[in-house]
Amino acid sequence: MNNPVVNVAEPSGASAEVLAAADELLIPTYSPLPIVPDRGVGSLIYDIDGRDYIDFGAGIAVTAVGHSNPVVLEALTDQAAKLWHLSNIFTNEPAMRLARQLTDATFADRVFFANSGGEANEAAFKLARHYFYDQGDTDRYELISLEGSFHGRTWFTVSVAANPKYKEGFGPAIGGISHVAPNDIDALRAAVSSKTAAVVMEPIQGEGGVRPLHVDYVQAARQICDDNGALLIFDEVQSGVGRTGTAFAYEQFDITPDVLTSAKGLGGGFPVAATLAREPYAQGLGKATHGSTYGGNPLACAVASAVFAEATKPETLANVNERHTQITDTLNALAADTGVFSEVRGMGLLIGAEMADAYRDRAKEIQLAALDQGVITLIASPNVVRIAPALTIDADVCAEGLRRLSIAVRAMAD
Ligand SMILES: *Cc1c(COP(=O)(O)O)cnc(C)c1O
């Protein structure tokens with residue numbers, strides 16, 4: 001591997017042309033980083049100018065088993081040669097294989113397939129409301145979510161999440177939704193009532209800054225939902241599919257939710273999502289109440305089935321825990337040495353390093369300087385550097401990524 005130094009202020013070569021086209025042609029909602037990736041193998045990415053990068057971002061916690069994973073590639077190409085799409089007027093074997101894997105691995109009895117995390121959450125929220133409607137409990141439609149949460153960018157999901165920035169300027173938000181501070185048991189107890197359809201949470205908040213919820217809080221939330229007859233929905237779009245060292249993060253809180261959503265890592269980069277539910281709540285979306293044209297298509301499900309099997313293998317989960325230790329040890333040492341980070345936290349391979357006060361909201365600068373050094377990182381809020389590599393990243397590649405990241409962090413401290 002050559003260790004590239006990219007001048008992030010001035011994109012060059014073929015990358016510069018593609019970035020200029022993006023600037024001209026795309027509706028300007030995104031600000032792409034100043035390189036243009038071309039291909040990936042495992043946890044390495046090469047840009048169109050031939051430079052290499054260690055991938056600590058995995059497409060925002062998506063490419064769970066690495067780029068061009070041979071097992072997944074074979075599942076994709078085999079299915080691609082057979083049948084891509086049917087719509088839900090048919091069912092198909094790959095979708096049933098995936099549904100069986102997901103229900104066998106979890107508390108859930110039934111699955112609804114969709115294409116993205118936002119859609120999986122949309123289905124979960126609709127399921128909760130519609131379940132009580134079917135019971136004749138028509139006043140029970142309130143959804144309670146946590147401050148700092150992120151549930152997607154559809155209108156229902158931004159309405160349920162608590163980030164006011166994502167709602168501003170888009171007209172009236174959907175009603176019947178309230179927000180409470182995370183890890184405040186009394187606040188949750190006071191908010192839940194006989195009108196509450198569901199309490200919604202990410203067991204570890206991802207976009208909100210890589211913040212695991214406290215175990216006693218999650219257990220209390222389960223009890224409060226039970227006491228009030230409300231559903232507990234876990235948004236595991238980011239934390240699921242082996243990311244935290246177990247198939248799903250809820251296992252580490254010693255409770256089970258009633259509904260769980262999965263996306264991101266589920267397809268390893270192919271768009272697919274799932275809403276998992278236990279009975280009787282799964283009946284909340286009865287015949288013809290909800291749907292999706294692409295949801296559960298054989299191509300996506302064949303890929304996800306292979307990804308899920310690879311990502312939840314004991315050796316993959318063991319690697320997640322070993323690499324967690326490797327990364328957090330290095331980041332903690334770097335924090336002690338440079339003072340750039342005030343806290344390193346997270347679960348498995350969803351790790352956040354919070355900027356110290358003297359470097360407040362400068363996570364993006366670290367991201368750009370790290371890219372300069374040849375390592376791709378993520379941010380989670382302006383104040384947290386987020387590391388979420390493939391679950392299969394090996395120790396040597398991980399060490400090289402940390403070496404490159406360390407140069408960028410030390411440069412900020414100098
Ligand atoms: C990314 C994310 C979503 C949204 O998923 P999309 O596939 O972008 O719609 C929802 N919830 C959580 C926790 C996420 O991290």
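User: Is Tyr 131 buried or exposed?
Analyst: Happy to start there, with the reminder that this is a predicted model, where local features need pLDDT of at least 70, side-chain atom pairs count only at pLDDT 80 or more, and totals for chains, interfaces and linings use all residues. Residues are numbered from 1 along each chain as its sequence is written, and side-chain values use heavy atoms, leaving out hydrogens and water. Buried means under 20% relative accessible area, exposed over 50% and partly exposed in between, with a 1.4 Å probe and protein chains only. Tyr 131 has a relative accessible area of 11%, so it is buried.

User: What kind of pair do the rings of Tyr 131 and Phe 132 form?
Analyst: The whole structure holds 7 aromatic pairs. Rings of Phe, Tyr and Trp (its six-membered ring) pair if their centres lie within 6.5 Å; planes under 30 degrees apart count as stacked, over 60 as edge-to-face and the rest as tilted. Here the centres are 5.1 Å apart and the planes of Tyr 131 and Phe 132 stand at 80°, so the pair is edge-to-face.

User: Which residue do ring pairs link with Tyr 131 and Phe 132 into a cluster?
Analyst: Phe 132 is itself buried, at a relative accessible area of 6%. Ring pairs join Tyr 131 and Phe 132 in a cluster with Tyr 281.

User: Over which ring does the charged end of Arg 153 sit?
Analyst: The test asks for NZ of Lys or CZ of Arg within 6 Å of the ring centre and within 35 degrees of the ring normal. The charged end of Arg 153 is 3.7 Å from the centre of the ring of Tyr 166.
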